[in-house]
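Here is a friendly briefing to read alongside the model. Have the sequence and the 3D view open as you go through the points.

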Amino acid sequence: MEFLLTLINGVSLGGIYAMIALGYTMVYGIAKMLNFAHGDIIMVGGYSIFVFAATSFGTLPPWVSLLFAVLMAVIICALLGFGVEKLAYKPLRGASPLAVLITAIGVSSFLQSLAQVFFGSAAKFVQFPDLGSLSLGELTVSYSTLITLISTVIVMLALTLFVKLTKTGRAMLAVSEDREAAQLMGVNINFIISITFIIGSSLAALAGLFSLMNVPFIKPTFGSLPGIKAFTAAVIGGIGSIPGAMLGGILLGVVECFSNSVPTLAPYTNAIEFAILIIILIVKPTGILGKKRREKV
Amino acid sequence: MKNVFKKVVSFTLAAALTVGSMFALASCGKKNYAKDNETIKIGVSGPLTGGAAKYGIAVKNSAKMAIDEINAAGGLYGMKFELLALDDEHKKENVTTTYSAMYEDGMQISLGTVTTAPGLEFKELSKDDNVFVLTPSATGDDIVEYSNAYQMCFADSNQGTASAQYFNANYQGKKVGVFYKADDEYSSGIYEKFIASLDQSFKSAGVETATFTGDGLDFSTQVNMLKDCEVIFLPIYTEPAAAFMKKGVGVISNSAIYYGCDGLDGVEAEFGTWDEFMAIPQEVSFLSHFNSKAESGPAYDFVQKYNATYDSDKEPVNQFGAAAYDCVYAIFEALKFAKENLGKEFDESTSPSDYCDILTEVFNSDSFVFHGITGKCEGNNKSDISWDDSGFVNKQADKYVVKPAN
Amino acid sequence: MSAFIVKFKNIKWKRYTNYIGISLVLLVFTVLTLADSLPQSTLFLLEKIGISIILSISLGLVVGFLGELSLGHAGFMCIGAYIGGKTAELLSDVGVEGIFALLISVVVGALTAAVFGFIVGLPALRLKGDYLAIVTLAFCEIVKTAFENSSKESFGGPMGLRTPRFDKHYLFIIIFSFILVCLAVMQNLIRSKHGRAITAIRDNEIAARATGINVTKYKLLAFIISAAFAGVAGVMYSFANSTVAASAFDYNYSIEILVMVVLGGMGNITGGIISATVITFLNVKLTTMLTGDNAVLKDLVYALILVLIVIYNNAPALKYVRERYNIRALTDKIFKKRSDVSYDTDDEGKWDRVPTKIKMDELLSVDVVVRESVIDPDKEGKE
């Protein structure tokens, strides 16, 4: 019983990590950069939901206002992702990956302090319509957990199909394999990278929604810890791999909840998660589902 | 060769230039930086940015409010006060910077730090220079180790012991749970003292303990672990506490009691609206020296004034702010006391060390009692606050029930 | 005597600019502090700058010369700070204090950090690029968590370890002396055949292996030396503060050190020193200048400056602008030197500026020019 509850909590938390990790993995696979600002795009998404839900509550029915807020958050995050890529990352295309990494860190800290200027540093409570929970005998699972999980699976499947079946998706694959060759074959690199950032950032907005459904508090540092955890999840699953991100996210969430449920282990939760990461990487250097690339001279 | 030599010369010049510019900032080592002051400068180092910023901002705002009030009322025998507030981001390693900058900017009296961790550094530095410290909210027991330091808040050990005593007296026979932050000195400090003073009867019945670390707020696991407890002790700050309570809805028994320490003050503000807070079915109460929910009296007046002066939505008031407000007035009253009862002389340019000697004497004197808004206020009367020689505060704390069980 | 003059004239001064610069700063401030005319804010600033410089130089070895991305440098520093601090505490119990306690602590702290450098270096043999980066980050967080949850008697737990503080008037002298030691080790290592093996691994690992370089050995060597000096910086930190708390050594701190290295220019020791100084100075000044309500703007300003500098220094599109307007061109103009550096044929001691796969993106924007003279490897290696 206890075990099952912890497992459900873990899978639910893992779903959120997976959603963020999907965005990470997309951006990494195509733009070949660690987007450290990804976590902060989640934060922006969260604040958008907070603002739009607060302004439209009362005037609209709760469900409509929530959907409206989520839609606005997705649009804002997509625009933000697009803008950040154009302003901060595109000028550095062709420069050393480290320079891009540092810029991403700069953008991350910029977004955080901007949020603090606008909203203050205190956590804000975000009102949600009560979704209730599903009772299965002794087990109760809240609908928000179910929604999170189902959406994550749908998003994962949709992304996989998108990449495999559509022209743009295949162009993405081509760019991630070999950017120069893809360009020679007539793929518009700028367009593909912009699309990637837009998709990744929209996923971040959704991740923001699910995090808020889980814990309805938002603050400027809202995205940094989930960002790092999701990055870890993406690496565990094999960075660049879409099912890998899902797997890594769920694994991390479950480990976190089980570790938290044992009092003696609880303080070491972060250490345990990172230790698992190290062990997996030592055994499989490109993550569980990562592709192995042969290095050329 | 010549070029290289030039480079060496240019590097040297650049170095010399840097040296010169740094050197120009201040010229002499042990001097009274306050000698050109036109106001009495009170310094405080606290987190104005980052995760703990709301505590620092509340302290800064409230201290500023108190100083503005004093100045508007004519100051202290015509002398005006001024607040220096620097951002330490709740990090120990920034305190050397903030402290020395304030000290060299002419800080004469200090409110120490807002949080405990940076305070451990601050106390060493202030001891070396003999600067008076009256901290509003650094609760660590070690903060007042030296004779120049005093607390306006209760020390961690007092809070832990007092809470355990309350449990021993009132909650016998109930199953006790504790939820605390393992990597936080405030939270783990109180927890240790609490467990040490708790009656054996509780322990033999089994005390459930759940912990968390870092900034994460997903407590679904911890809520599950504590779901059978009837009284849950929460020696944590409002943000995780609110997240815990929200998660606990429907899992933890509705008749359970949440009992916290002063960190729990203002927990209702975390929920945005009162209705949302009332949706928490359990009783929420805490042991504190300040009642932000007071409906009349000095505490109420303070909260009203704060909300009128600052954007209470962005920077909500809490007991940190109230304590800072009291700190400024305590210093003000103590200086008055020193002049009137002890015949001390001081002005805007008196050195920090002299101020420290004066204020220490006042705070150690048995006849000095400060009347503040923290502590137990009866009706419209302010509370009585005094200090013992080791720097700990003596005032009445009370259990405040923020909301009864639904 | 004349032989001495000839020898003196033949010294390659350029190679020693770092030493001379640091020594001069050290000398000037030592005189000032002996005259007791330094305010403590300057003393603290010097301590911070000195520690940053050691960190920047030591991380530069792994990132700039070995070409591996490390996000866990603060972890090594954390180990140095705790172990060094604990050693000092134990020593003061048996009555050893002052400079001897400090030196013993430095040795113990550096050795412990070096051992962990070896341990972290092991996965580096198998992992590349971003995968290694996340492993180092994970290591840093594990170390932090372990110290945070230590018992009160061992390492102080969440309260942190109380460490004896060294006399603040003289500590910076010791820190700057260690910078000189660190410089000597790094520069001599880089200019030796070992150093060239390390840069060869960076430029092309497979080719390096093919030419018979023991990749395993050199990768581990770089990690160990880098970790040892991070440990030294940690010990210095513990002597500069009265408590060491693990929470300070999170990945954000590692990133801050990385920023210093990257802004200084990959594989450029002088650049690393300058950027460590500038960034630390900027951070401290922003903290003290933006007070009260403006404090929130500090991170905003810092982040903006960071992004702009990185884009300016690295954007391929801005190459032309960068070549015309940079600090070096400015100083050259001031000293009326020909700004065309290709006239400068004295290229010894520029091993750190050899063109590589990783773009040379120095703060000073040095251009790499193909030079005529060939460096004699035997002569170089023995220095």
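In chain C, residues 24 or more positions apart account for 82% of the contacts with a separation of 6 or more; two residues are in contact if their C-beta atoms, placed from the backbone, lie within 7 Å. Please keep in mind that this is a predicted model, where local features need pLDDT of at least 70, side-chain atom pairs count only at pLDDT 80 or more, and totals for chains, interfaces and linings use all residues. Residues are numbered from 1 along each chain as its sequence is written, while chains are lettered from A and ligands numbered from 1 in the order in which they are written.

- Chain C has 17 helices and 2 strands; helices (H or I, at least four residues) and strands (E, at least two) are DSSP runs, numbered from the N terminus.
- Of its 383 residues, 53% count as buried; a residue is buried if 20 or more other C-beta atoms lie within 10 Å of its own, exposed if 12 or fewer, and partly exposed in between, with C-beta atoms placed from the backbone.
- The contact between the two chains takes 36 residues from chain C and 39 residues from chain A.
- On the chain C side, α6 (129-148), α10 (205-210), α12 (251-264) and α14 (297-314) each supply at least two residues.
- By class, that side of chain C has 26 nonpolar, 4 polar and 6 charged residues; Ala, Val, Leu, Ile, Met, Phe, Trp, Tyr, Cys and Pro count as nonpolar, Asp, Glu, Lys and Arg as charged, and the others, Gly among them, as polar.

**Strand β9 of chain B**
- Strand β9 (residues 257-260) of chain B is covered on both faces, with B:Ile257 and B:Tyr259 buried on one side and B:Tyr258 and B:Gly260 buried on the other.
- In a regular strand the side chains alternate between the two faces of the sheet.
- Strand β8 (residues 231-234) of chain B pairs with β9(B) in the parallel sense over 4 bridges; two strands pair if DSSP finds at least two bridges between them.
- B:Leu234 has B:Gly260 in β9(B) as its bridge partner.
- β9(B) also runs parallel to strand β10 (residues 283-288) of chain B, joined by 4 bridges, and B:Tyr259 stands opposite B:Ser285 in β10(B).

**The antiparallel sheet of chain B**
- An open, antiparallel sheet of 3 strands has the order β11-β12-β13 (chain B).
- Its edge strands, β11 (370-372) and β13 (393-394) of chain B, each pair on one side only.
- β11(B) and strand β12 (residues 383-387) of chain B share 3 bridges, and B:Phe370 is partnered by B:Ile385 in β12(B).

**Single residues in loops**
- B:Ile143 sits in the loop between β4 (132-135) and β5 (149-151) of chain B, and B:Ile143 is buried because 26 other C-beta atoms lie within 10 Å.
- Leaving aside neighbours within four places in sequence, B:Ile143 is in contact with residues including B:Thr116, B:Lys123 and B:Gln151.
- Most residues other than glycine have a negative phi.
- A:Lys32, in the loop between α1 (2-31) and α2 (38-56) of chain A, has a positive phi near 55°.
- A:Lys32 counts as partly exposed, with 17 C-beta neighbours inside 10 Å.
- B:His90 has a positive phi of about 60° and lies in the loop between β2 (81-87) and α3 (95-104) of chain B.
- B:His90 counts as buried, with 23 C-beta neighbours inside 10 Å.
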